[in-house]
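The following exercises are to be worked with the sequence and the model at hand. Each task is followed by a solution in steps.

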Amino acid sequence: MAPRRRPQFTQESIDQQLQQIHLLDQASSSENLEQLGPIIKQIHANRQQDVYLRTLQGLIESKDAEIESICGDNYQEFISSVSTLFSIKSYTTNLRDKITTLDSSVSQVGKSLVEKKKALLQTKKTAANLDEAIDGLQACLRVLDVVNRVGEMVKEGKYWSALRSLEDIESMPPTSLSTTPLFQHLLSSLPSLRGQIKDAVTASMKQWLLDIRNVSAQIGQLALDAMDLRTRRWRSRREKDPMLKSSRVGSAVEVITYEKTEYNVLDNEQLKVDFKPLYECIHIYTALDSLDEIRRSYQADRKAQSDLIIPEPLPLSSLASITQEIVGYFIVENHVLNTTGSFRSEREVEDLWDALISRLSKAVEDALRNEKDPDIYLKVKEALLGSVMALESYSYSTGSIHSLILRLFEKYVSILEGKFGKRFESIVTQDDFQPMYVEKASEKDDVLETVWLTREQREQLEQSSAPMNLPWSQGFYLSCQDIRNFVQNFYQFIEGVSQHHRNIDDLLSKSLDTILTAYISESIAKRAQNTTNLSQLAQIITNLEHFEIACSELERSLTNIRSSQRGGTIRVRAAASFSTTRTKALGRITEAMNAKLDDFFGLSEYDWTPKAREDAPSMYLYELVNWLTTVVDSLALPDAQKEEACRGAVNYIASCFMDFLTGRDIPMMNENAIANLLMDVDFLDEELKRSGHVHSDAFAELRSVSVPSSRVLTLIRLIERIVAFVPALQTASVVMSDAVSSYLVASIRQTSYPTVKPKRLQALLEKLGRYGQECRDAASRERGEKRRKEAEAVGRLFPGESR
């Protein structure tokens, strides 16, 4: 790009530009130098300062000459004008002096007025400022007074009024005060003041919660006392009106009656609970839109208080006071729930209830884990039941407490069983098993009121006069007495409990069966097993018969009681155990008699291979019969049982004779020994017949048998009749008719001799065979050999069969 050339100014152009400059504008009082700016700039830009200065100097000289020319031409006029000007100046000076003098005088005259005017204006300005300041201060004082009263109202507990005052300050109409820093500061401090009100009302509610905790036990005590009075009133009315017997406290009929005299435990002569702090707190927090905050705080505080109610571990001695506090706690919660709208929900109260009752159940069960005293269980039940009845009236779900009571009831019954079981065992152990003696009619009546009897037995005994011996022993009476006490203690626990009748009835049936079977029947069985005294055994049997009757009568009476309470049927199944024990006791009588009979048979001293027959029965049989008849007659038993005992003894005698004939203790015998045994059997048959006792049919059978001609047949008939399980008369017919060969044929044996035991027949034949082999005469030896071969043949039929 070619370099830019600077413009060149000629002398003519510079002169022309200078001529155009008017340094003094006659119409303006200010110099006009603005036109020089561009020219000087161009001169400097073109570096023509020297040329410009020379030209300017020429212009100055030209103008000076022009001025001088003008002055020379008008000098006289100028002089005249100057003189005139000096004259005017003199006049003007004089006038100015006069004006100055006048001004000074006027100034001196109006100075005071001006000063007064200024003072007046300043005063008015000050007064206006003061009025404005006073108005501002009064507005500030009003606001500050409101703020001050807010603090006082907070101290006085007037939280809602304090909050409303703050709202009034905030909603004040705009004024001059509204723009002041003080008012803005007050507005900025309102949240802090609201926080102070919030803190104060919260502190008030916290203190109220503490006070409520301190009076909860008293509230609970008043509620429990009221419930106790209500229960006693209802019990009294129920006793007067049979139609109300099945209605308990809390039923629809009772609730309608109670509503007429309803008692408020929160507002009465003894206690007045003020809920105002809580309501104020809820109201304030609602106004501050912070209700959820106080709701969470309240729930947490109440949860913490509920955690402090039950100590760990739980002392049972303080359970009553703890239940009182629990009742009071939830009565307060119920009132809060019903009076605070949406502040409390049923779910929150239920959570507190479930948690507290769960901890109470665990604490009670842990405290009773090793407890064995049933009275302690009763006290615990009473404490829990009172709280249940009180809280049910406030619509709390008490199912968990009822479940706890039923669990405690099961443990209580178990402990009760053990306690009474030991007493029953002691009664049985210390019983003398002799008829109970009553001396007075009143004693007899007391006993008859205690024991369970059939109507016929009771009427029969009532007709008897004292003194007298009762059919049972002291142990039966004491057992009946304790059974009644057990049932009373059993129902004492569940009195007032919301009963599940089937469970209660089943548990009572089970407990009674346990007591009657395990502690009475089995204890009697053990006592009978260790008793050899026949009179005591007879009394044991009599007691057992009455226990069997008592079971059915007890079942009937308990069922009648429970039916009046809408309960079920009580089943007492222990009668079968008493029947079994009675059978064992009867067997024990037989065993005792058999032991004595063994002593007699130990004196028998039979000769099993006599050379001749005896003319008289054995001497030991006289004593045996004497003892047997005396003992049987002395047994305090019904005739049927006496006959059964006698039959058992006779059968045992028969079994002993059977053992003589077929047992292994006697290796051999002859027909004379069998004849002697038959004579003893005839003697026993006659003696027992004369005494009037039942005797074995074997003895009657033997009298029709000819001893000399058919001794084997007679012996077999004796065996068959004395022992119930010996072969039938078919055994005798096999021997007497020499039908052993026919007996060996299976078809004949099964049709003609189905009940003949081969081994028994073999044993008898072997004994006769051995005796024949021991004889020296040919006939006896031949007869003995025949019996031996017959015995072998019979033995081969069933080699493994027992006798």
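Is Y75 buried, partly exposed or exposed, and what is its relative accessibility?

**Solution.** The model is a predicted one, in which local features need pLDDT of at least 70, side-chain atom pairs count only at pLDDT 80 or more, and totals for chains, interfaces and linings use all residues. Residues are numbered from 1 along each chain as its sequence is written, and side-chain values use heavy atoms, with hydrogens and water left out.

Step 1. Buried means under 20% relative accessible area, exposed means over 50%, and partly exposed lies in between (1.4 Å probe, protein chains only).
Step 2. Y75 has a relative accessibility of 47% and therefore counts as partly exposed.
Step 3. Y75 belongs to helix α4 (residues 75-156); helices (H or I, at least four residues) and strands (E, at least two) are DSSP runs, numbered from the N terminus.
Step 4. Together with F78 and I79, Y75 makes a nonpolar surface patch of about 320 Å². Patches consist of residues with over 30% relative accessible area and no salt bridge, with like charges joined within 9 Å and nonpolar side chains (Val, Leu, Ile, Met, Phe, Trp, Tyr) within 5 Å. Accessible areas come from the Shrake-Rupley method with a 1.4 Å probe, and for residues only the protein chains shown count as cover.

**Exercise 1.** Describe the chain as a whole by its secondary structure, burial, contacts and exposed area.

**Solution.** Step 1. The secondary structure comprises 29 helices and two strands.
Step 1. The chain has 803 residues, of which 43% count as buried.
Step 2. Take the contacts (heavy atoms within 4.5 Å). Among those between residues at least 6 apart in sequence, 74% join residues at least 24 apart.

**Exercise 2.** Locate the negative surface patch and state which helix gives the most to it.

**Solution.** Step 1. Asp and Glu count as negative and Lys and Arg as positive, while His and the chain ends are not counted. The place of a charge is taken as NZ of Lys, CZ of Arg, CG of Asp or CD of Glu.
Step 1. The patch is formed by E439, E443, D445, D446, E449, E456, E459 and E462.
Step 2. At least two residues come from each of α14 (441-450) and α15 (455-463). With four residues, α14 gives the most.
Step 3. E439 is placed in the loop between β1 (435-438) and α14.

**Exercise 3.** Examine the salt bridges and the elements that they link.

**Solution.** Step 1. A salt bridge is a side-chain nitrogen of Lys or Arg within 4 Å of a carboxyl oxygen of Asp or Glu. The whole structure contains 24 salt bridges.
Step 1. In the salt bridge between K206 and D301, the closest N and O atoms are 2.4 Å apart. This pair links distant parts of the chain, since K206 is in helix α6 and D301 in helix α9 (residues 291-309), 95 residues apart. K206 has a relative accessible area of 33% and is therefore partly exposed.
Step 2. E333 and R302 form a salt bridge with an N to O distance of 2.7 Å. Here E333 in helix α10 (residues 319-339) is joined to R302 in helix α9, 31 residues apart. Both E333 and R302 are buried. R302 and E333 also belong to a salt-bridge network with R344 and E348.
Step 3. E555 and R571 meet at 3.8 Å, N to O. Because E555 lies in helix α18 (residues 534-564) and R571 in the loop between α18 and α19 (575-601), the pair ties together parts that are 16 residues apart in sequence. R571 is partly exposed, at 42% relative accessible area.

**Exercise 4.** Identify the backbone exceptions and give their places.

**Solution.** Step 1. Most residues other than glycine have a negative phi, and most peptide bonds are trans.
Step 1. E312 and P313 are joined by a cis peptide bond with omega of about -5°; P313 is in the loop between α9 and α10.
Step 2. A cis peptide bond with omega of about -5° also joins A466 and P467, and P467 is in the loop between α15 and β2 (468-473).
Step 3. S395, although not a glycine, has a positive phi of about 70°. S395 is in the loop between α12 (374-392) and α13 (399-430), and its relative accessibility of 68% makes it exposed.
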